[in-house]
Amino acid sequence: MSKKLLLLTFLISFSALAQDTLVRPMFSEAISKNIKKYVTQAKLAYHDKDFDRADFLYDSLVQHVIINTHLDNFKVNKRSGRSIEFNDFEKPMILLSTASWCTPGSGTFPALNEIAKTYGKKIDFVVLYWDKKENARNASKNLSGNIQVVYVDELKNKSADMIKDMKHSLGLPTCFLLDENKKILDIRRTVIHPYHIDFDTSFEENYSAFFAGVQLLRPTVTIQTSLEVLGLDKN
């Protein structure tokens, strides 16, 4: 009897998990359904130099299309060159999507280093370079060991659709705030500030922006901490 009950419990749990997976809205699907209309309207706005309209369109895309979708799994490479899957990261995440030619403000990386030093045990801080290995490694020299640096070489990566959806649709740099299930809680593109801002101002503004991201992820982090106290941490 106990074996039958155990099997029934397993089947119910598996069925619930399968249904949850099936109903998850995926980032790639949401983007593919809406990106053409967005690009067309955004081009017109920029052509007319209506930057307020362009910002409105971007914010609408994020708020009404992207938020609460789940980021698709895809392969990335560590600085060593070793290939891993994006789903290998198991914590809530602050993900900065960028490239070596996107020169950050003077206070951007120092602020990110400081935030990661404080919260790195509960949150994965990841900087994703859409670049070649050597370019990614050179560009990441000022990032601390608390930040995981990965890269995607577009010439070698087979996830062409993911590259198109994640990089080319939203531009660079872009900051994704993800829970532990890769659900997108927010997307922010204001983390990188103009280059002419002095270091102190750049650091303060970037620190505040990253800290706001941490605050948004804190409910998830708090849940994980509670599980650890009870000895139920899934990791």
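Predicted model: local features only at pLDDT ≥ 70, side-chain atom pairs only at ≥ 80, totals over all residues.
Residues are numbered from 1 along each chain as its sequence is written. Local features need pLDDT of at least 70, side-chain atom pairs count only at pLDDT 80 or more, totals for chains, interfaces and linings use all residues, and side-chain values use heavy atoms, without hydrogens and water.

The chain holds seven helices and seven strands (DSSP runs, H or I of at least four residues for helices, E of at least two for strands, numbered from the N terminus). Of its 235 residues, 40% are buried (under 20% relative accessible area, 1.4 Å probe, protein chains only).

Helix H2 covers residues 27–47, 21 residues in total. Its first and last C-alpha atoms lie 28 Å apart, close to the 30 Å expected at 1.5 Å a residue (1.5 Å times one less than the number of residues). H2 bends by about 50° at Asn34 (the angle between axes fitted to the seven residues ending there and the seven starting there). Its buried residues include Phe27, Ile31, Ile35 and Tyr38. Lys49 follows H2 and has a positive phi, near 55°.

The axes of H2 and H3 (residues 51–66) come within 10 Å and cross at roughly 170° (lines fitted to C-alpha atoms over the stretch in contact, with angles from 0 to 180 degrees between N-to-C directions). The two helices are therefore roughly antiparallel (over 145 degrees).

Terms used:
Buried < 20%, exposed > 50% of the residue type's maximum accessible area, 1.4 Å probe, protein only. Parallel < 35°, antiparallel > 145°, perpendicular 65-115°, else oblique.
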